[in-house]
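Please read it with the sequence and the coordinates open.

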Amino acid sequence: MKSPEENRKPELERNIQTDFQKSMSYGDYLHLDKILSSQHRLSNHHDEMLFIIIHQASELWMKLILHELAEAIEYIHRNDLEPSFKILSRVSRIQQQLIQSWSVLSTLTPSEYLEFRDKLGQSSGFQSYQNRMIEFALGNKNAHTLAVYQHQPELYKKMQEALHKPSIYDAAIHVLVARGIHIDEDVLNRDLSKNYEPNVSVEGAWLTVYRNVDQYWDLYELAEKLVDIGHQQQIWRFNHMSTVERIIGHKQGTGGSSGVTYLKRVLDQNFFPELWSIRTKL
């Protein structure tokens, strides 16, 4: 006979699976054994776990951003804009997750970080190839940054390919042409491995879209989605910079960069410049 305490305990629903000897479980599907055993502290300091998990989780979110951007670019290339809108909205939401992660990392104080910083060696967030590929996909190209990947031939090749692929902004500009809006030939035939530079004809094209919203509604919607993503990326950059400044001040970065000085300089590199400049001219 059950005790009163046992009678009050909720029982499992009859159909809930409990035997996974021959079935795939939640942990199996997500490979949690690998994910949750990949946090290896190099010091005995409690807060190093925070540092590792924040960066590992960020890399997972970046992987998803790249996955989504690649699909959105394919839709835009095909002049099929509607499906790209949901994808780009999702990218913006993922960026918000990344932005929020800096507030968690900012709970790490300078004194705490110094307890394990020397264990990081020359490793640095500057070397995050996924973050670099996101920048490439948004149009911020810099061939010199690839030098840090030369020790990994397969990754270096992958980065070279990403450098030469059209960015999402290149794809958007070609859609403008497909809709009969003029863009200078030197923009359409530019070296895609170079950083995008503002162009008068592109600015004029977007002005046409914004002044004729009813005629170009989907192009207008695409432009606003891009502005949102560019804005979120700038917020991520700013929060990165301010968190680094809060924790290490103006010390040199572990990878050899100037640290906060470099991150502040990066903030001047805007995305989709004509989509910002037209706001003054409308």
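This is a predicted model: local features need pLDDT of at least 70, side-chain atom pairs count only at pLDDT 80 or more; totals for chains, interfaces and linings use all residues.

**Loop residues with positive phi**

N79 sits in the loop that runs between helix α4 (48-77) and helix α5.

- The phi angle of N79 is near 60 degrees, which is a positive value in a residue other than glycine, and N79 is partly exposed, its relative accessible area being 31%.
- F272 also has a positive phi although it is a residue other than glycine, with a value near 50 degrees, and its place is in the loop between α13 and α14.
- In contrast to the partly exposed N79, F272 counts as buried, because its relative accessibility is 2% and the cut-off for buried is under 20%.

**Packing of α5 and α12**

- Helix α5 (residues 82-105) packs with helix α12 (residues 217-248) at an angle of about 10 degrees, and the axes of the two helices are 9 Å apart.
- Since angles under 35 degrees count as roughly parallel, α5 and α12 are therefore described as roughly parallel to each other.
- Sorted by class, the residues in the contact of α5 with α12 comprise 12 nonpolar, 10 polar and four charged ones.

**The largest nonpolar core**

- The largest nonpolar core has 71 residues, and within it I168, Y169, W206 and L275 are the ones that touch the most other members.
- Helix α12 gives the most to this core, contributing 11 residues.

**Aromatic pairs**

- The structure holds 10 aromatic pairs, one of which joins Y113 and F116, with ring centres 5.4 Å apart and planes at 85 degrees, so this pair is edge-to-face.
- Y113 and F116 are both buried.
- Y169 and F272 form a tilted aromatic pair, for which the distance is 5.2 Å centre to centre and the angle between the planes is 45 degrees.
- Because Y169 belongs to helix α9 (residues 168-178) while F272 belongs to the loop between α13 (260-266) and α14 (273-281), this pair ties together parts that are 103 residues apart in sequence.
- Y169 is buried, with a relative accessible area of 1%, and F272, at 2% relative accessibility, counts as buried as well.
- Ring pairs also link Y169, Y196, F271 and F272 into a cluster.

**The loop around G139**

- G139 is found in the loop between α7 (129-137) and α8 (153-164), and at 7% relative accessibility this glycine counts as buried.
- The C-alpha atoms of G139 and P166 are separated by 7.9 Å, although the two residues are 27 residues apart along the chain.
- Not counting residues up to four places away in sequence, G139 touches S167, N195 and Y196, and Y196 is one of the residues in the aromatic cluster described above.

Technical notes. Residues are numbered from 1 along each chain as its sequence is written. Side-chain values use heavy atoms; hydrogens and water are left out. Axes are lines fitted to C-alpha atoms, for helices over the stretch in contact, and angles run from 0 to 180 degrees between N-to-C directions. Helices (H or I, at least four residues) and strands (E, at least two) are DSSP runs, numbered from the N terminus. Angles under 35 degrees count as roughly parallel, over 145 as roughly antiparallel, 65 to 115 as roughly perpendicular and the rest as oblique. Ala, Val, Leu, Ile, Met, Phe, Trp, Tyr, Cys and Pro count as nonpolar, Asp, Glu, Lys and Arg as charged, and the others, Gly among them, as polar. A nonpolar core is a set of buried Ala, Val, Leu, Ile, Met, Phe, Trp, Tyr and Cys residues joined through side-chain atoms within 4.5 Å. Buried means under 20% relative accessible area, exposed over 50%, partly exposed in between (1.4 Å probe, protein chains only). Rings of Phe, Tyr and Trp (its six-membered ring) pair if their centres lie within 6.5 Å; planes under 30 degrees apart count as stacked, over 60 as edge-to-face and the rest as tilted. Contact means heavy atoms within 4.5 Å.
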